[in-house]
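Hello,

Here is the structure you asked about. My notes follow it.

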Amino acid sequence: MLKVEGLYKSYGKTQVLKGANLHVKPGEVVVVVGASGGGKTTFLRSVNYLEKCQTGSIQIGGKYLLKDGVYASKEEIREIRRNIGLVFQGFNLFPHKNVLENLIEAPIRVLKYSPERAKDEAMQILTFLNLADKADSYPCELSGGQKQRVAIGRALALKPELMCFDEPTSALDPALTGEVAKVIKSLSGEGMAMLIITHDMQFAKQVADRIVSMEDGCIVEEHIYANAD
Ligand SMILES: Nc1ncnc2c1ncn2[C@@H]1O[C@H](COP(=O)(O)OP(=O)(O)OP(=O)(O)O)[C@@H](O)[C@H]1O
Ligand SMILES: [Mg+2]
């Protein structure tokens with residue numbers, strides 16, 4: 001699903017990624033841990049084309065976003081990015097839109113869905129996330145865990161094959177972290193590939209098929225495996 005090879009990225013003179021390699025198989029949940037400032041967020045942003053890298057290759061769903069330092073065309077990039085969902089640390093919900101409106105915005109704008117179809121599918125997602133009763137609520141009326149699930153729902157509405165999360169539980173207490181872990185587990189059960197950055201080792205072990213660590217701009221395999229359940 002995702003193949004990153006020899007990725008290099010610098011901000012000015014600061015070399016952040018130094019030949020990072022990572023493969024994620026369809027349906028696989030890979031968690032990235034590692035010291036602060038190691039380049040985890042930069043790596044995730046690069047995979048989502050929010051940062052440009054100097055050299056290396058990034059392949060998503062069999063298509064090259066970046067091949068040996070050369071980026072695909074604008075149209076190809078747009079196509080590839082449709083296949084990736086991204087959930088940040090903050091929730092980034094539209095505060096003036098209710099939960100349902102937050103979920104249907106992108107499908108209508110990007111996938112050109114009719115409002116009816118977008119609403120139908122959004123309600124299915126909200127039901128799956130156990131949030132159907134919050135469809136009319138505004139973000140300010142939700143708990144942190146609920147907001148985080150809405151943010152996940154909004155990314156899911158575009159039906160990505162790869163979901164990326166940057167510290168999805170950093171603002172949550174342990175009970176709410178459990179809610180997010182449950183959602184991630186059931187998504188992986190449905191075959192979605194996921195790349196998750198976290199500092200929370202307990203959460204990592206709960207959700208991961210594989211845990212890797214970002215050290216000095218490279219991805220290093222960690223030999224810590226999740227308990228099968
Ligand atoms: N826009 C930027 N301009 C310049 N330097 C940056 C920029 N973004 C990140 N960096 C630098 O790149 C390095 C890696 O940052 P990054 O955010 O990827 O780390 P991280 O592993 O996600 O850390 P954390 O665990 O604290 O979130 C840091 O040294 C940071 O200062
Ligand atoms: Mg980070």
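Predicted model: local features only at pLDDT ≥ 70, side-chain atom pairs only at ≥ 80, totals over all residues.

Shell around ligand 1

The residues of the shell are Tyr11, Val16, Ala35, Ser36, Gly37, Gly38, Gly39, Lys40, Thr41, Thr42, Glu167 and His199. Among the elements of the chain, helix H1, which covers residues 40-47, gives the most to this shell, with 3 residues.

An N or O atom in the side chain of Thr42 lies 2.6 Å from an oxygen atom of the ligand. For the side chain of Thr41, the distance from an N or O atom to an oxygen atom of ligand 1 is 2.8 Å. In the case of Glu167, a side-chain N or O atom is 3.4 Å from an oxygen atom of ligand 1. On its own, ligand 1 would expose 640 Å², and the protein buries 59% of that area.

Ser213

The other site I looked at is Ser213, which belongs to strand S10, residues 210-215. Is Ser213 buried or exposed? Its relative accessible area is 3%, and the cut-off for buried is under 20%, so Ser213 counts as buried. The side chain of Ser213 makes a polar contact of 2.9 Å with the side chain of Glu215. Leaving aside residues up to four places away in sequence, Ser213 touches Val33, Gly34, Cys218, Ile219, Val220 and Glu222.

The chain as a whole

The chain holds 7 helices and 11 strands. Its C-alpha atoms fill a box of roughly 45 × 40 × 30 Å along the principal axes. What radius of gyration does the chain have, and what would a compact globule have? The chain has 17 Å, and a compact globule of 229 residues would have a value near 17 Å, so the two agree.

Of the 229 residues, 50% count as buried. The accessible surface of the chain is about 11100 Å², and carbon and sulfur atoms account for 49% of it. If one takes the contacts between residues at least 6 apart in sequence, 65% of them join residues at least 24 apart.

Regards

Methods:
Residues numbered from 1 in each chain as written. Chains lettered and ligands numbered in written order. Heavy atoms only, no water. Helix = DSSP H or I, 4+ residues; strand = E, 2+ residues; numbered from the N terminus. Buried < 20%, exposed > 50% of the residue type's maximum accessible area, 1.4 Å probe, protein only. Polar contact = N/O pair within 3.5 Å; in protein donor to acceptor, adjacent residues only side chain to side chain. Contact = heavy atoms within 4.5 Å. Near = heavy atom within 4 Å. Areas by Shrake-Rupley, 256 points an atom, 1.4 Å probe, with all protein chains shown as cover. Rg over C-alpha atoms; globule rule 2.2 N^0.38 Å.
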